[in-house]
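Walk through this model from one local feature to the next. Keep the structure open as you read.

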Amino acid sequence: QIQPPLLLTDTSPKVQVRTGHSGPARNTSVTLFLDDKEVASRAALLGEAEGDDIAFSLPPSPVGTHVGRVQTAPDNLPIDDAFYFLTRVRETLPSLCIGEADDCFFLLKALNASLGSESTARVKRLSTEELAKEDLSTFSCVFLCNGLPLPGQAEVLQLEQYVKNGGLLVLFAGVKANIGDYQVMTSLPAPPTGVIEITPSLRKKMLRWEKPQHPILRTLKLGPGGSPVVTVSKALDFGPLSEGSEQLILMGDKEPFLLSRDFGRGRVLLFAVPADRAWSTFPLSAFFLPIVHQVVQFGGAISGGTPYLFTTRSLSLAENLPTAVQGTILQDPDKNNVSIRSSLVENKPVLRADDLVKPGVYRMSKPDSTDMEPALALNLNRAESDLSPVKREEIPKVLGVEAAQVANDREDLQRLIRDFRVGRTMGESFLWLALILAIVEIFYANYKCRQGPSLSDALGVEASGKVTGSGAEGGTEAK
């Protein structure tokens, strides 16, 4: 793990390494390399199951993508002694604000758009008509301020593809939009169902953290008065949450204020109020500026991509390497070209790389360049390196069968072979069957005997001993 996930030129990240080990305890060493230069080395004692976590500190790095490697001392299985990862360092966090100048006024001020080169936040504003010509992949965060309805479906698909590729889209409620304008976007955390008119006596709303450990809210410090209070005259009303959605901030007891949803590799945030003063005093509150900056930093963290992946037979480049285009060259660690094929998905070409089975760093060059830059860090799945014996009771589950005979030693194996290959004698089973049948026969015979008339009834004998007839049906009296 690398913390923080967002790396700037002045950031000294922490690298947390976890080692695994099978067999008796042994001493080893763990070394961290960055761009093939040794950064630090630690001695470690590996126990019988799992080694301790080891922490490293990386020095600040220049802008760009850097190759990291964790190396352990050689052992009998050298293929898993190295683990590769990438760190991506940025100089600034470019953001895009879509909307008219009046709608984006407070947001632009919060992002320090007027500051000089000292600020790491860079923001660009454009109207919805200019959206189709913009390359969204260069932005860590995209804000939509009163931008609905969008000019067409192409712009909707452009924004949603940006999110799928790992971007962060932040929507503020728009006063120009109707409910149908929201419904064309399939990536929203919850479908808006209407606009709530709040009575004057209930307009003061206390904002409450529903997910206080979320990266956007975890480091926010509340003021001396505690939770922020805003005045809200109107707000969006929402239907049921979509799959992968959660409520981050509530206003009052249960009214949603900020919703979040995972969509592809990215995230969508939806505020229930606009970014101006049309419906609320949210832009004027002391809470507005810090949460906007937290959102931008969160967008930079998720748009940085994953530090590493695992080897695979097929990998979607649209999801894991969105900068790849037709004509892109991808090379494996041995500098052999990787096969890239194109297929149509929803009438759009989608690139996939095949046979990424060698661990290491894969490099990429664009069609108009010959420079090979680090693109992917692939590692073997460490589960295959675990040589610990499987527990006896877990073997049927691993094999996928309900019943499995397991031998732990030679005697068990010989007994199982004798029982299942030679067979067992049936004599004991037949003796038990004969005993059961004999017991059943005794009880059955006793039961049948009780079903017929008794001798007294057959002879007509009274209780005094007088015989009144020759049968139960009467007859000649005998004296």
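Leu-435 lies in helix α8, residues 427-449. Helices are DSSP runs of H or I with at least four residues, strands are runs of E with at least two, and both are numbered from the N terminus. The model is predicted, so local features need pLDDT of at least 70 and side-chain atom pairs count only at pLDDT 80 or more, while totals for chains, interfaces and linings use all residues. Residues are numbered from 1 along each chain as its sequence is written, and side-chain values use heavy atoms, with hydrogens and water left out.

Buried means under 20% relative accessible area, exposed means over 50%, and partly exposed lies in between (1.4 Å probe, protein chains only).

Leu-435 also belongs to a nonpolar surface patch of about 580 Å², made with Trp-432, Ile-439, Ile-442 and Phe-443. Patches take residues with over 30% relative accessible area and no salt bridge, joining like charges within 9 Å and nonpolar side chains (Val, Leu, Ile, Met, Phe, Trp, Tyr) within 5 Å. The areas come from the Shrake-Rupley method with a 1.4 Å probe, and for residues only the protein chains shown count as cover.

Glu-100, Asp-102, Glu-129 and Glu-130 form it. Lys and Arg count as positive and Asp and Glu as negative, with His and the chain ends not counted. Each charge is placed at NZ of Lys, CZ of Arg, CG of Asp or CD of Glu. Glu-100 sits in the loop between β9 (93-98) and α1 (105-110).

Now turn to paired charges. Side chains of opposite charge can pair when their charged atoms come close. How many salt bridges does the structure hold? There are 10. The term means a side-chain nitrogen of Lys or Arg within 4 Å of a carboxyl oxygen of Asp or Glu.

Take Glu-255 and Lys-205. Their closest N and O atoms are 2.8 Å apart. Glu-255 lies in strand β18 and Lys-205 in strand β14 (residues 204-209), so this pair ties together parts that are 50 residues apart in sequence. Glu-255 is partly exposed at 24% relative accessibility. Lys-205 is buried at 10%.

Another bridge joins Asp-334 and Lys-358, with a closest N to O distance of 3.6 Å. It links distant parts of the chain, 24 residues apart: Asp-334 is in the loop between β22 (329-331) and β23 (340-345), and Lys-358 is in the loop between β24 (348-356) and β25 (360-365). Asp-334 is partly exposed at 45%. Lys-358 is partly exposed at 34%.

Glu-210 and Arg-208 form a bridge too, their closest N and O atoms being 3.5 Å apart. Glu-210 is partly exposed, with a relative accessible area of 32%. Arg-208 is partly exposed at 33%.

Go back to strand β18, residues 255-263, where Phe-263 is found. Is Phe-263 buried or exposed? Phe-263 is buried, at 11% relative accessible area. Beyond its neighbours within four places in sequence, Phe-263 contacts Glu-160, Val-163, Lys-164, Thr-186, Ser-187 and Val-268. Contact means heavy atoms within 4.5 Å. Pro-189 is 74 residues from Phe-263 along the chain, yet their C-alpha atoms are separated by 9.0 Å.

Gln-16 lies in strand β3 (residues 14-20) and is partly exposed at 37%. Outside the four places on either side, Gln-16 is in contact with Gln-1, Asp-53, Ile-54 and Ala-55. Gln-16 and Gly-427 are 411 residues apart in sequence, and their C-alpha atoms are 65 Å apart in space.

Strand β24 holds two aspartates to inspect. Asp-354 is in this strand and counts as buried at 17%. Leaving out residues up to four places away, Asp-354 touches Arg-313, Ser-314, Val-338, Ser-339 and Arg-341. Asp-355 also lies in strand β24, but is partly exposed at 47%. Asp-355 has a positive phi of about 60 degrees although it is not a glycine.

Finish with the backbone. Asn-146 has a positive phi near 55 degrees and is not a glycine. Asn-146 is in the loop between β11 and α2 and is buried at 7%. Pro-149 is in the loop between β11 (141-145) and α2 (153-164). The peptide bond joining Leu-148 and Pro-149 is cis, with omega about 5 degrees. The bond from Gln-3 to Pro-4 is cis as well, with omega near 0 degrees. Pro-4 is in the loop between β1 (2-3) and β2 (7-8).
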